[in-house]
Amino acid sequence: NDKEGSSEGEKEPVSSDKPYVAIVSKGFQHQFWQAVKQGAEKAADEFDVKITFEGPETEAQVDKQIEMLRAVLDKKPAAIGFAALDSKASIPLLDEAKEKKIPIVAFDSGVESEIPVATASTDNTAAAALAADKMAEFIGEKGEIALVVHDQTSLTGKGRRDGFKNQIESKYPNIKIVDIQYGEGDPLKSTDLAKAIMQAHPNLKGIFGSNEGSAIGVVNAVQEMNKVGKIVVVGFDSGKQQIDAIKSGLMAGAVTQNPVGIGYETVKAAVAAIKGESVEKTIDTGFYWYDKDNIDTDEIKAAIYE
Amino acid sequence: MKADTIDQITVTKKKNKGIPSNTLQQVLAFSSLVVLVIFFSFASSSFMQWSNIVGILLSTAVIGILALGATFVIITGGIDLSVGTVMTLSSVITGIIIVNSDLPIIVGVVGGILTGALCGLLCGLAITKLKIPPFVATLAMMMIAKGLALVISKAAPIYFTDKPMFTKIALGSIIPGISIPNAVIIFFVLGIIAAIILSKTILGRFNLAIGSNEDATKLSGVNVDYWKMTIYTLAGAFTGIAGVLMASRLNSAQPALGQGYELEAIAAVVIGGTSLSGGKGTIIGTIIGALIMSVLTNGLRVLSIPQEWQTVVVGFVIILAVYMDILRRGKG
Amino acid sequence: MKADTIDQITVTKKKNKGIPSNTLQQVLAFSSLVVLVIFFSFASSSFMQWSNIVGILLSTAVIGILALGATFVIITGGIDLSVGTVMTLSSVITGIIIVNSDLPIIVGVVGGILTGALCGLLCGLAITKLKIPPFVATLAMMMIAKGLALVISKAAPIYFTDKPMFTKIALGSIIPGISIPNAVIIFFVLGIIAAIILSKTILGRFNLAIGSNEDATKLSGVNVDYWKMTIYTLAGAFTGIAGVLMASRLNSAQPALGQGYELEAIAAVVIGGTSLSGGKGTIIGTIIGALIMSVLTNGLRVLSIPQEWQTVVVGFVIILAVYMDILRRGKG
Amino acid sequence: MSKLLDMQNISKSFPGVKALSNVSLDLHHGEVLALVGENGAGKSTLMKILTGIYEKDDGEVFLEGQKINVTSTKHAQELGISIIHQELNLMKDLSIAENIFIGREPRGLLNFFIKDQELHNKTRELFKRLSLDLNGKTKVKDLTVAKQQMVEIAKALSFDSKILIMDEPTTALTDAEIDVLFDIIANLKANGVGIIYISHRMDELKRISDRITIMRDGEYIATLNTKETEMSKVIQLMVGRELYIESKPTVSDSNRETVLELKNVSTNTNLKDISFELKKGEILGFAGLMGAGRTEVANAIFGVDKIRSGEIILQGKKVQITSPSRAVKQGIGYLSEDRKHLGLVVDMDVKTNIVMSSINDYQTLGFVNDQNIAKISEEYVERLKVKTPSINQQIKFLSGGNQQKVVIAKWLLRDCDILIFDEPTRGIDVGAKGEIYKLLDELAEKGKSIIMISSELPEVLRMSHRIVVMSEGRITGILNSEEANQEKIMELATAYREG
Ligand SMILES: Nc1ncnc2c1ncn2[C@@H]1O[C@H](COP(=O)(O)OP(=O)(O)OP(=O)(O)O)[C@@H](O)[C@H]1O
Ligand SMILES: Nc1ncnc2c1ncn2[C@@H]1O[C@H](COP(=O)(O)OP(=O)(O)OP(=O)(O)O)[C@@H](O)[C@H]1O
Ligand SMILES: [Mg+2]
Ligand SMILES: [Mg+2]
């Protein structure tokens, strides 16, 4: 605290004179976050800033993320990009950042606070609702469906689950959600549990996989159970396997956010904030439904990653 | 984790009347598993279907193979925390060889297995030559393998989509007619091999001896360091095989996977009656332990029990199964 | 995991000439930690800032307290895999009491600690009365606590936003002037208490005796079962305290947190020189072990090492630190 | 004299073994009752029943006329019965003082804190009373087996019991310590304590016992008054067969070739300048007080301890033996004095232990040949008369003496050229002792070279061609068999002690 004065960036630990933008994400190993990282790196190149990108191993590790944010604060970045696993838990550190005059750009699911100068996010709930609509359309608005969700407690997991569920329950009374199981986004575990769901519910008409790992698991399960064509699979996010599955008809389609765009917009907004330019408070990076028909369009190509 | 001699003596006292045959013992070991299977068969009509049974076996294969390797290590009185991430590293290496370098599938398979064996050997070296406790050495290997898997794959999955034959390794079926996936067959074949190694070879004999009393074994002129390294390498090779199967089943090498699998593997071993203090254990026990875990998980899923309750139930059933096993052996 | 008697004998005999003072030994134990700190101080100017040091200590507190409890259990030759999720369950219970039932904060804190102690007691009962191996008993408890935390909290975080005093427990500072968060102070006070328990009380004495030779301790007329249960309960209470601090620090009880912490806690204990085969261990070692881990993690972050490489480096440094410690003791 | 203890018709079975059938025994105040019998006769089992470790199948126990049923060791202690077990039962990571007073620590605050000062004072007092030269703060694992045994004895004595059971307390002790122990026993006797004393050393029985109870194969044979009895009678009742008459070996022939030579060997442990030669077909005895370093010489040769300077010459060639496995490959075998920890894998069965060092001869392509192993094990069990229900019995259920025979069998099977026997007859009954002597003689005759470390001077004198005497890590003299006698050895053995 005693070195308040150094926040102009003279004593940057990062050796170059480029402004330093620290990004603390919700994850880092998984494809989605790697795509966000790609976007961020692209913007960093473009705007000539230095970035670091880190995130905890699972979306349950609220405390690990807070430790990362704390360590980042001590590195005195010019701006911070932050995707909060739990925004309330990070309030004290956000306050500290504000005190140190480090602008914060929230991304992914946003932060329930006035502190971030901008938020680059999409609405998980609305995106999942779109997936629900599509699912309903494919199965003829009636029958049994199930959900394979990647996480029971994280904002993303809950948002997608509830968005999907609420949409079905409110709009499609003839569709019944018979099971919701959680597979940690691990494709192997998701495969096994999707198989068990199909086993328990022979009349199942569709399964929604709430992220890449879950969706792949569902696709594998359908193949291993020889139910290709009998069960409609709707996915979320992208990645080579989902894209292939959609192209080959194993999967009806998926909703994708634009992770590369999220990363890009976050850094872009951060750079603007550093320069003192005004930034839009909310940047909607959008979400898209993609399937066999539109997968090769430019709009979708820009939003999906392999 | 200490051998409880006093209890063993007490236990032996009870044996007085009518020593049961070894076969009966073996059969009884299945009891928890059988009870579970019967219970779920009655609770849900979908449980006993062929496809579900194959599903259970398939989901046991990967963890089961890890557990086979871990059994050897645990019998030495050691532990291997690295199996989860080394498995991942092995599948990434397989991916790199087959997909990125476009070499024949067999090279990739061998490469994956060797990667596992090499990691095992390195753990063994650290444990025997540097005298690092197994927990620490394999914890370090867990982290190193995890990091390397991400570095090598550039944190992106490697897809085998262009190598359709590769998927056949786990999901094809070499036995015509019956639709049992190869992964299951490989698991059981490896189980038999492991059982033979443990009971019929000097490796197995020394493994048990080292676990019972390392010092006495050393003073008998046995090259304990050599055998320990061999055992860790062997366990690593099993891990490598698990990695290849995992990649084949998922049709991709997933670099972020694997952590947490070590606990599941160790759990299967310990539920199977192998003692963490070393010196005793059986392969059949490990296989049963692994099956108990996957029958349980599958059964509860088929019953559509909410997931949070599933974990609670699994916890209780584990206690129960192990307690039944203890009672059985007490009586046996 | 076996004590290597032959080597120990050799080692001890060397002591004959010029036995170094115990103090020197203690100081040397710090060496890996000191080397790390010095290295990072030179490598990055941000490392040695007061706020970063406080951050490191703060991040050590929770794992450190878990590790303190785990030290007792590990010294008995047991293991406790449940600490991570029991910690979570404790913080959820605290949340339920304070937020949902609107009872005074102190009731919630006590409730959280008692939850931990109760879970410990149950593990102890399973281990001593049902003779379930510690690994299995605490694995089951891990799952049960994980499930219950989700069930009780309805899988949603419980926020203490309306109870601003609660956050002060971890992040406030009772020592005026110096801005050291209470969590850090609590950690060190608990460390001192744990050290006193281990070295000055019959609990500690029996703890070491049980770990060293459980049968002999039993033959000496000590009620081993009773003391083991006490030890697991005590460890559980430490876990409960960690749960309360975690909740206070995050201003919320996070029901999905916790799994994986057991490995970190055990790692801290083992890196601190406590043997998993039981019978020996120190509290100061555990504290140093926990600090090594968090200094390392923080230092690498501050240096902006790519995350995948961080894990690799941590793996190597753990091996190195433990090896240095082994050499030191070999020479001492 | 009133009866202090009366055990009547005690029976006990283990799976496959009838360990005791209708055994009776009584003990008076102020008496030393010796309990003798061959290995596996059931002596330890009887005492374990008395101290609540085993439950008896049948029979009754009276203490001072009161019928008792001992349920636990703690209960036994409360009744005033304490025991020194045949196997060491110490917590090696704790200090001597902590071991002795475990569960009985002087307590302060809340009955929870230990008064360490008082604990050490009590220990010091105890040691003074027993004239023991031990530091209570030393960790037990740093002690030699002999000193650990003294700690066990001190622990049992610290109870001030009415009945004290000593199950082979002297196996690890040398004469000096035995003298100390016997003084203590005389003292206890004078105070009215009843002592049950189990030993295989016949000379001891004569010295201290009042009566002798003899057991054979789990049955009671007789109780005799020591004064009126010839030891040969006792032995005959015990063994029930002819004994091997030991012949004093012929003098070593200095023209024989040297198979092993140590030249100025020093170790990081305590050996200084060790030099001696071992000839082909020779039994080279090693004598010395406890802690003299004899075991360390064995460790140095066998590659357990690192050699700092000096050299080892084996069959004329200089060798580096860095590990036990190398030593065995070079044809050296080593029977350790610490049977339980270093000699046997106690959780495994008899046959596995017997073939442990020779498994390479019983395998093809890595597969063990269980049939051959069983055959050869049966052969050795028979040859050494190991008392076991089968070769598949776990070693830990064998009596101490029979365990020792299994270790010997292991090294006989390996067929080494050089054998180091460290206390080979520890805990072995007279009959078996004779058999082992015979065996050693035969081995020597066949051209094997033997180093025999023993703390029993008569044994060393009887068996050795030459005797190396050690003190404080040095060799203080090498005597030929004709010039050696007890006095000379003791003189050399204490050479550095005074200084
Ligand atoms: N726990 C046990 N389980 C099975 N058999 C046992 C057990 N304890 C002892 N025995 C058997 O009971 C018999 C008597 O053993 P015990 O130890 O009492 O002999 P001992 O007279 O003390 O012999 P030694 O002089 O060799 O110590 C032996 O045959 C032994 O193998
Ligand atoms: N408490 C102790 N701490 C360290 N070293 C010890 C201790 N007690 C003995 N020693 C060392 O161990 C050596 C004695 O061990 P060794 O076993 O070789 O003697 P020994 O002649 O075989 O006697 P024993 O009859 O006890 O077997 C001595 O050199 C002594 O210095
Ligand atoms: Mg005996
Ligand atoms: Mg000796």
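Helices (at least four residues) and strands (at least two) are DSSP runs, numbered from the N terminus. The model shown is predicted.

**View 1. Overall build of chain A.** Chain A holds 10 helices and 12 strands. Its C-alpha trace spans about 65 × 35 × 30 Å along the principal axes. For 306 residues, a compact globule would have a radius of gyration near 19 Å; chain A has 20 Å, so the two agree.

**View 2. Interior and surface of chain A.** Of the 306 residues in chain A, 67% are buried. Take the contacts in chain A with a separation of 6 or more: 74% of them join residues 24 or more positions apart. The accessible surface of chain A is about 11100 Å². Carbon and sulfur atoms supply 46% of that surface.

**View 3. Charges of chain A.** Chain A carries 35 positive and 49 negative charges.

**View 4. How the chains meet.** Chains A and D do not touch. The nearest C-alpha atoms of chains A and D are 37 Å apart.

**View 5. The magnesium ion (ligand 4) in chain D.** The protein donors are D:Thr295, through OG1, and D:Glu337, through OE. They lie 1.9 to 2.5 Å from the ion. The pair links distant parts of the chain, 42 residues apart. D:Thr295 sits in helix H9 (residues 294-302). D:Glu337 sits in the loop between strand E16 (332-335) and helix H11 (339-343). D:Glu337 counts as buried because its relative accessibility is 18%, and the cut-off is under 20%.

Notes: Residues numbered from 1 in each chain as written. Chains lettered and ligands numbered in written order. Predicted model: local features only at pLDDT ≥ 70, side-chain atom pairs only at ≥ 80, totals over all residues. Heavy atoms only, no water. Rg over C-alpha atoms; globule rule 2.2 N^0.38 Å. Buried < 20%, exposed > 50% of the residue type's maximum accessible area, 1.4 Å probe, protein only. Contact = heavy atoms within 4.5 Å. Areas by Shrake-Rupley, 256 points an atom, 1.4 Å probe, with all protein chains shown as cover. Lys, Arg positive; Asp, Glu negative; His and termini not counted. Charge placed at Lys NZ, Arg CZ, Asp CG, Glu CD. Donors = N, O, S within 2.8 Å, 3.2 Å for Na, K, Ca; no water.
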